Amino acid sequence: MTAAAEPFFKSIDKIRYEGPDSTNPFAFRYYDAKHKVMGKTLEEHLRFAVCYWHTFCWPGGDPFGGQTLMRPWLNAPSSVADEMASAELKLRAAFEFFEKLGAPFFCFHDVDIAPEGRTLAESNANLLHIAEKAEAEMARTGVKLLWGTANLFSNSRYMSGAATNPDPDIFAYAAGQVKQVMEVTHRLGGLNYVLWGGREGYETLLNTDMRREMDQLGRFMNLVVEHKHKIGFKGAILIEPKPHEPTKHQYDYDCANVLAFLRKFGLESEIKLNIEANHATLAGHAFEHELAYAAANDMLGSIDINRGDPQLGWDTDQFPNSVPEVALAMYVIYRNGGFNTGGINFDAKIRRQSIEPDDLFHAHIGGMDVCARGLIAAAKMIEDRALESVVEDRYSGWSGKLGQDILSGAMSLEQLSDHAVANNLTPLPRSGRQEMLENIVNRYL
Ligand code: XUL
Ligand code: CO
């Protein structure tokens, strides 16, 4: 542990709130953790998490070139011992970062924090070793685990899927990996366990038995839920929808698709959703649409925040930087009660030219400030009932006798027809008031 005392982000002190007029690039201008809105502090509402994979593991490659981000723990290891030493160095840098940034949570995949072994047993032992170190860092810093997840997509064994693989041996391997990561998540007091079906989909229907693959995936999810109860994990199990990339078509396409899948396999009360902003965009939805759909079905678990690029059609995972966009997402989340076990995970990466370790701070500070501004604007809209009163008025007819009789099932199609004829109903169209409402929103931004 010779390097233990040596900080990695040497020139950075703890990031503090300095207010909107500050020009210090290493200060928050809006994220005042202790500031209260709607009865809770920003810290309690937003529940920010730093993701391990983009922030500490991504080397900066793109399809045309390799590593640009030089970090000591990303140097090619010369032995297994060296690999483990790198993982420990990365862990210390990660906790130094969480602490200096003031992020209350983090998220990880197994392979982000610990080296993969040659066998499942070796990988499990490596993960346990690092988890013990992480436990000590968590106790030292007070940083908590928002969620853990197993990487069932990078290793070539998973190229044709994990649970949906044509080979049951691979299903068994994936089951073993998830079992271990869920147990480690439980041990670390994690609040959620996430399943992203990175390769649960297909490249071509010519070699794919879709019905079979869906049944395999349903069985896998049931096994995961059974194990959660067996070990007494009280956190939420979350599925993260994404329409495609890496596969041409993924089975967890969007929130509606996942809900239909969960209902088919009787899991809708056991599993909720982790909704990612840019995955919504890739599915052809607004982020707030996916959030509203989940909330309307009591499925809103947690979010991965980021953004895509209007000109690039892939998952660019950039940090959020648009207050108007984020404010609408915040409006939907907090209008529906905010997070319970969930939070806001920055599933976002710096650009490959942002090579300085400092850039990681700029990215997260900006993202946290944008979310804080979005939440403050949304909270004011909610408290003023600025949109709510218009929406309530728009549906007010449904509180009357006719509306209630329709919803309670007291009227048949025939009775409704008779009612319309007998009362000579001549309902008139009413304005949807979209522009007026858009102007109202702009008053809050
Ligand atoms: C991939 C993605 C993943 C999940 C966790 O697009 O979002 O990082 O969040 O596996
Ligand atoms: Co994600």
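**Briefing on the predicted model**

L69 is found in the loop that runs between α2 (52-57) and α3 (80-101), where helices (H or I, at least four residues) and strands (E, at least two) are DSSP runs numbered from the N terminus. This is a predicted model, in which local features need pLDDT of at least 70 and side-chain atom pairs count only at pLDDT 80 or more, while totals for chains, interfaces and linings use all residues. Residues are numbered from 1 along each chain as its sequence is written, chains are lettered from A and ligands numbered from 1 in the order in which they are written, and side-chain values use heavy atoms, with hydrogens and water left out.

- L69 is buried, with a relative accessible area of 2%, where buried means under 20%, exposed over 50% and partly exposed in between (1.4 Å probe, protein chains only).
- Not counting residues up to four places away in sequence, L69 touches W58, P59, G60, L74, I350, R352, S354 and I355, contact meaning heavy atoms within 4.5 Å.
- Although L69 and Q353 are 284 residues apart along the chain, their C-alpha atoms are separated by 8.2 Å.

- Helix α11 has 13 residues (323-335), which at 1.5 Å a residue should span 18 Å, and its end C-alpha atoms are 17 Å apart, which agrees; the expected span is 1.5 Å times one less than the number of residues.
- At the start of α11, a side-chain oxygen of S322 reaches to within 3.2 Å of the backbone nitrogen of E325, whereas the residue G337, with a positive phi near 100°, follows the helix.
- The buried residues of α11 are V323, V326, A327, A329, M330, Y331, V332, I333 and Y334, and what covers them includes α1 (42-46), α10 (287-296), β13 (300-305), β14 (344-346), α12 (358-384) and α13 (388-394).
- H45, placed in helix α1, is buried with a relative accessible area of 7%, and, leaving aside neighbours within four places in sequence, H45 is in contact with V37, M38, K40, Y334, F339 and L375.

**Ligand 1**

- Ligand 1 is surrounded by W53, H109, W147, W196, E240, K242, E276, H279, D304, D315 and D347, each with a heavy atom within 4 Å of the ligand.
- An oxygen atom of ligand 1 is 2.7 Å from an N or O atom in the side chain of E240, and an oxygen atom of ligand 1 is 3.0 Å from such an atom of K242.
- For the side chain of D347, an N or O atom is 2.7 Å from an oxygen atom of ligand 1.
- Taken alone, ligand 1 exposes 290 Å², and the protein buries 94% of that, with accessible areas from the Shrake-Rupley method with a 1.4 Å probe.

Key. A polar contact is a pair of N or O atoms within 3.5 Å; within protein, one must be able to donate a hydrogen and the other to accept it, and residues adjacent in sequence count only if both atoms are side-chain atoms.
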